[in-house]
Every structure is written in structure tokens, then in C-alpha cells.
Amino acid sequence: MSPARFLPRFAALGAALALAACASQSPTTADAAPVAMIPPQTMVQAIRAAAGDGDGELAVQPLRDPMVEDLRERAVALEGQGDLDGAAAALDQALEIVDGDPALLQERAEVAILQNDFTRATELAERAYALGAQVGPLCRRHWITLEQVRLSTGDAAGAVQARGQADGCRVAGPTRY
């Protein structure tokens, strides 16, 4: 066998090793700075804005337990006052009553982001998506939550993938006559 036959394989192997070496080096402070500078409030604003108004698209709205609704409203008020721990506690209490409510899980994920608990936010958004209708404004909030977390951790490819999933949540509502 001719050594020239193996040159493309060695070149590919060399390129892969070079890329691996680059990827394994720790980022410089300048590289890490933009990632760390995404304020949690900005992330949550992007998530909530991504929902849009839902006009002309399919959106599933479950019936609400009045006690859960009171806790949700309390969480909104506490968040507005800057009491993130209180808001989280109110939403956690509501989740004890209705633990499979995708909207409630999403709201708790957003508060987790405000608390810089990105692991918890990811878990909650993924669970909310799995339990939800997987279409409409709430679906977009789940995926934009994941996009924002991935951006904040430097996972650009994961963020692009999450954005693509969010775009797929837009489904036209049924035609009404």
C-alpha cells in the first residue's frame, strides 16, 4: 500500500487533534467576559418577550385553581419588589398543589434565572416543555429559557438549536367560521 493513500486520514486526524487542543484550552478572560455579562433580568425579559401576544396561533390555556392563581400573583408582586426568594417560595408552594402545570414550572424557571440558578432553570424549562402542549407562546418561553441559559454558559451551538425549536412552536390556530 502506498503511503500517499493514508495522507488524507492523517491530515484529518491532525486537524481533529488541533481542534481538540484548542477546545481544551481554558478561555481567556476576554473570551469569557461577554458570556458572564448577560444580566439575568435581560435574560428573563428576552424570555417573556419571545412569548409574543399569541395572536392568530394555537395557545392552550388550562383552568386555574384559585389558590394557585393567588400564589402566582403573589410571586409576581414579590418579584416586582425584588424579593426573589419570596417569589420562588410562592411558586414552589403553588407547585406543591399542582406540580405538573407547565406555565407554573416556566414561571419558576424564570425566577431561577433571576437567582442565577441556571441548572434549576434548565430542569424546570425542560420539564415544563415535556408536560406542556409543545406549541404556542408558552412553548417559546420554554425554548428561549434554554437558549438564554446556553448563551450564558457559552454554548452557542446549543443556543442556536434552542432558538430553532422555539421558532417551531408557532402553530396557526384553527380557522373559525
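This is a short chat about a predicted model of a protein.

User: Hi! What should I know before I start?
Analyst: Residues are numbered from 1 along each chain as its sequence is written, and side-chain values use heavy atoms, without hydrogens and water. The model is predicted, so local features need pLDDT of at least 70 and side-chain atom pairs count only at pLDDT 80 or more, while totals for chains, interfaces and linings use all residues.

User: What does the protein average in pLDDT?
Analyst: The average is 80, and 70% of the residues score at least 70. pLDDT is the predictor's confidence in each residue, from 0 to 100.

User: Where is confidence lowest, and where is it highest?
Analyst: Helix α1 (residues 7–24) is lowest at a mean of 37, and helix α5 (residues 84–97) is highest at 98. Helices here are DSSP runs (H or I, at least four residues), numbered from the N terminus. Where pLDDT is low, the predicted coordinates should not be read in detail.

User: OK, new topic: at what angle do α3 and α8 cross?
Analyst: The axes of α3 (residues 40–50) and α8 (residues 136–152) cross at roughly 155° and come within 8 Å. Axes are lines fitted to C-alpha atoms over the stretch in contact, with angles from 0 to 180 degrees between N-to-C directions. That makes α3 roughly antiparallel to α8 (over 145 degrees).

User: Which residues of α3 make the contact?
Analyst: Met43, Ala46, Ile47 and Ala50 do, and their partners in α8 include Arg140 and Ile144. Contact means heavy atoms within 4.5 Å.

Key
Helix = DSSP H or I, 4+ residues; strand = E, 2+ residues; numbered from the N terminus. Parallel < 35°, antiparallel > 145°, perpendicular 65-115°, else oblique.
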